[in-house]
Amino acid sequence: MATFLYKLGRLAFRRRHFVALIWVALLTLAGVGAASAPAAGSSSFSIPGTEAQKAFDLLEQRYPGMSADGATARVVFKAPKGEKMTDAANKAAVEKTVGELGDGSEVVSVSDPFTTRAVSQDGTVAYASVTYKVPAMELKDSSKEALETTAHKAQAAGLTVEMGGDALQPEPETAATGEIIGLALAAVVLVITLGSLVAAGLPLLTAIIGVGIGVSTITALASALDLGDTTSTLALMIGLAVGIDYALFIVSRYRSELAEGREREEAVGRAVGTAGSAVVFAGLTVVIALAGLAVVNVPMLTKMGLAAAGTVVVAVLIALTMVPALLGYAGRKVRPAGEKGGLLGRGRAKKSTEGPAEGPAEVSAAKTGAKTAAKTGEAPVAGKPSLGTRWASFVVRRPVAVLLLGVVGLGAIALPAGRLELGLPDDGSQPTSTTQRRAYDLLSEGFGPGFNGPLMVVVDAKDSASPQRAATAVTDEIKGLDDVVTVTPATFNKAGDTAMITVIPKSKPSSTQTEDLVHSIRDAGAGVTADTDAKVLVTGATAMNIDFSQKLTDALLPYLALVVGLAFLLLIVIFRSILVPLKAALGFLLSVLAALGAVVAVFQWGWLAGLIGVEETGPIMSMMPIFMVGVVFGLAMDYEVFLVTRMREAYVHGENAHQAVVTGFRYSARVVAAAAAIMMAVFAGFISSGESMIKMIGFGLAIAVFFDAFVVRMAIVPAVLALLGDKAWWLPKWLDRALPNVDVEGEGLRAHDATGTSAEDDEDRELIRA
């Protein structure tokens, strides 16, 4: 692996014009495809294998003219204070609006609130339902504009008019300001870490190019593959974070090789051969975690995972090829580690903060730093021990205390995860500034909170001797259940073998009471089936959400087993150890549970909600746990690979287990900390989004990266390795012989190294032990 990547890096450096041309051409091609592709809107939502989906499919089959998947809208009217909707002027305004709403070419039907009894008991609120021929994602902009224009005409009569439903899904906010802030913070971290604008600009430039290719490709294929806006948002989020980080590791290693006195082409080759090997395997863990979302068997989640995984693959390829090419263009503007550029020091040598841990003499320390720099991400020279070195030395001396503090602290933060409630966002979770949220509140005020989430009960009486009796039995059973406000009479299809019954719950759609009602209806339906041979199915948006949440919960353990199992095997190959991968997996579980606890505390309980702009608390998005497991696991393994490979490299080169921990921190802690800070900045930028789902994902990923990088990898991992000692690197001999040698540490490049005397090696080891 290392030898192949070494040659690839040198080739990209020499053929920089050709490499740059290829990536620019790919970016241009993707951009043209995105610009010429039809708009996709929001992707369709289906949950194969669930009762709600089966009922929905049955409705499309038995009611061919009703457009079961067609877009819907509700226009909600409220009378002025002291008046009622039944007053002559108000009634005339509503009837005129209903007539105009029916003129659209895509409109199937518009209900008149005065003939369908859609007026509240106090007479102050009424609503008209609009049904369209096509799904919301295919609805023309002209139809949406006509809906808004016509509905607002009623405001001239003094009525309050608000609109809800999927026909008016708000355009997703891209959180552009937040993304710019995130990139700006990432740039600051890069400048501080690398010491020059040119070196810092390379990771940003390559990450933007990679994300541009990935997101443009998704946009170009969105209509054909039914990809929603959330898919490109996830790809943007993940692609930016890993793209910057992977390029950072390559550039950092390149500067270290330059500090060893190597020519630039040779330094590029070695940087790609060593740090590039870690990039490949770190990227592979992210791809496994994202692509593994396909096991959940929810098309939307599968597409999101595969699209983001594709963007990660692009980020890895750019780090291995375009970064070396750009380093060739940069020439001497990217300086060796240990030197400041003109921006920070006008070319003067700096006093390193990455020097050897305990070097007693400056000359000896410089020698030790030069000797080991070829194996590391930074080149230590003379100076005091770095913060990473001092911290690692403290952890090695006090491993039990650090381990207990880290585990207990994260365990306490994870406690709220035990009260996790899952659901999907509806109009009730929209900001109060939107018309969808105001329409939701008006309907709750006039008809009760359950009116926003009606349940559709489908009675499949095709095999029943008396369909009418079966439908009556279902209606009577539902009327006797708790939390039911209204049960409409059964409506049969033309064939008379299928009936629809609408049930209005007392509680709001996302409440546990409504979920209990769905299960109660299904339990009651089982008895009806036994008596009449008619099948009873519950569907509707609320039932879909409940089934989706249950499906994700059921898939979580199999998904964990698949993803963690594959990554565990991969880490055994990388680290040639059993306990190190096991420790990595357990540490990840701890960090993701703590992150879920923080999400529950903020978005479900409302702690510090105002600080990040959470206007409405409620259930956590159903896909959040399994989504966080997938994304955070991949990112967590990034830090594990980059940090622990340094420790293993020191161990296999003769240091004892405790020394190896300190050495690994000395050479990688600064870059890993910078990479984590960059990821946090990018993810945190999405917290500013007005869309609750994007805000929740941004917060969850940012806090998860913090917990995993700075608590698990920087504290718990070295503490566990210090306690395990040599046992951490144990591997059965038969397994050692069976495993392929992937050479992440770059052992295959040692033949190119200048050989040193054994006396120098002994002296170096003595300095580290001092």
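**Exercise 1.** Find how helix H17 (residues 541–575) and helix H18 (residues 579–604) pack, and which residues make the contact.

*Solution.* Step 1: the axes of H17 and H18 are 8 Å apart and the packing angle is about 140°. Axes here are lines fitted to C-alpha atoms, for helices over the stretch in contact, and angles run from 0 to 180 degrees between N-to-C directions. Helices are DSSP runs (H or I, at least four residues), strands likewise (E, at least two), numbered from the N terminus.

Step 2: because of this angle, H17 is oblique to H18. Angles under 35 degrees count as roughly parallel, over 145 as roughly antiparallel, 65 to 115 as roughly perpendicular and the rest as oblique.

Step 3: H17 contributes Leu560, Val564, Phe568, Leu571, Ile572 and Phe575 to the contact, and H18 contributes Val580, Pro581, Leu582, Ala584, Ala585, Phe588 and Leu589. Contact means heavy atoms within 4.5 Å.

The model is predicted: local features need pLDDT of at least 70, side-chain atom pairs count only at pLDDT 80 or more, and totals for chains, interfaces and linings use all residues. Residues are numbered from 1 along each chain as its sequence is written, and side-chain values use heavy atoms, with hydrogens and water left out.

**Exercise 2.** Find the angle at which helix H15 (residues 467–479) and helix H16 (residues 512–532) cross, and the residues in their contact.

*Solution.* Step 1: the axes of H15 and H16 come within 10 Å and cross at roughly 150°. H15 is therefore roughly antiparallel to H16.

Step 2: on H15 the contact involves Arg469, Ala470, Ala473, Val474, Glu477 and Ile478; on H16 it involves Ile521, Ala524, Val528, Asp531 and Thr532.

**Exercise 3.** Describe the largest nonpolar core and the surroundings of Phe588.

*Solution.* Step 1: the largest nonpolar core has 192 residues. Such a core is a set of buried Ala, Val, Leu, Ile, Met, Phe, Trp, Tyr and Cys residues joined through side-chain atoms within 4.5 Å. Buried means under 20% relative accessible area (1.4 Å probe, protein chains only).

Step 2: Tyr246, Phe588 and Phe683 have the most contacts inside this core. Helix H21 (residues 692–724) supplies its largest share, 19 residues.

Step 3: leaving aside neighbours within four places in sequence, Phe588 touches Leu560, Val564, Val629, Val632, Phe633, Ala636, Met637, Asp708 and Arg713.

**Exercise 4.** State how many helices and strands the chain has, and what share of its residues is buried.

*Solution.* The chain has 23 helices and 11 strands. Of its 770 residues, 57% count as buried.

Terms used: Buried < 20%, exposed > 50% of the residue type's maximum accessible area, 1.4 Å probe, protein only.
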